[in-house]
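Welcome! Let's walk through this structure together, one piece at a time.

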Amino acid sequence: RHELLIPMETGYPKEFRERFVAKPLKYRYSGDGKVYTPVLVRNAVEYEHFRKIYPSEAFYYQEYLEGGDSIYLLYYFGKDGSVFNLTQRNLAQLDNGGSMVLSGLCKEKLPIAEVFSDLMSGLGFTGFIMIEIRIIEDRCYVIEANPRFWGPAQLFVDAGYNLFEAFLSDWGFINKYPDRTVDSDAFYYWSGGIIQEKARGGKVEVYTDDRAIVDDPPEDIRKYDLYKRDDTIRIWRSESA
């Protein structure tokens with residue numbers, strides 16, 4: 001209704017012809033009680049694995065969008081109509097749609113961010129929502145929307161735009177909304193995730209032409225390492241061993 005672009009639905013292919021994404025129709029499939037997550041099917045081997053392991057009727061199917069910029073829009077819509085939002089540009093992700101391991105903040109404003117701000121406010125939505133988009137040749141495709149904050153929550157904390165404070169204030173635990181000043185130079189970096197992925201033979205998908213920024217990040221990124229902090233250094237040492 002709002003003329004937003006989404007990946008084209010394809011139907012379940014009877015044989016592998018081109019890459020596609022299988023997305024669960026429900027969080028928990030009633031047929032076997034299992035919880036499924038999206039599955040990327042990128043070749044004949046992955047297709048055969050999907051066909052043998054997963055019930056096809058538990059999913060719907062979309063085209064696999066390649067390239068472009070991977071963006072997460074994060075909002076908190078307050079009960080009083082306040083809107084807080086940040087835009088995360090993803091730089092590296094674990095294989096098969098896994099966790100983000102390197103992200104930064106978009107320094108420029110994206111018009112699509114205002115579209116969703118107006119849309120969700122108009123619907124009377126309150127609380128957190130994270131919207132994933134892919135920008136390919138200036139076209140914005142909506143991938144999914146989840147009613148929660150994004151996984152790299154440490155990014156908005158390190159950026160000084162603490163959306164946890166908006167949530168806690170809305171529910172009466174504290175008496176202030178977060179400062180709207182943002183350190184746009186902040187990064188989210190999880191070196192342990194990269195190390196563990198490589199140790200199990202997986203790969204890290206990179207959304208930047210500068211692969212060195214992932215393979216050998218500069219100090220202005222390394223200083224944001226997720227667990228290399230006073231209160232979590234033991235986790236960092238364990239993951240990095």
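A crossing of two helices is called left-handed if the near helix is turned anticlockwise from the far one by less than a right angle, and right-handed if clockwise. Keep in mind that this is a predicted model, where local features need pLDDT of at least 70, side-chain atom pairs count only at pLDDT 80 or more, and totals for chains, interfaces and linings use all residues. Residues are numbered from 1 along each chain as its sequence is written, and side-chain values use heavy atoms, leaving out hydrogens and water.

Let's begin with a pair of helices. Helices (H or I, at least four residues) and strands (E, at least two) are DSSP runs, numbered from the N terminus. H5 passes H8 in a left-handed crossing. The axes of H5 (residues 191-199) and H8 (residues 233-240) come within 9 Å and cross at roughly 20 degrees. Here, axes are lines fitted to C-alpha atoms, for helices over the stretch in contact, and angles run from 0 to 180 degrees between N-to-C directions. Angles under 35 degrees count as roughly parallel, over 145 as roughly antiparallel, 65 to 115 as roughly perpendicular and the rest as oblique. H5 and H8 are therefore roughly parallel to each other.

Now for the sheet. Three strands form an open sheet in the order E2-E1-E3, with antiparallel pairing; two strands pair if DSSP finds at least two bridges between them. At the edges lie E2 (39-41) and E3 (59-63), each pairing on one side only. E1 (residues 20-24) is joined to E3 by five bridges, and Pro24 stands opposite Phe59 in E3.
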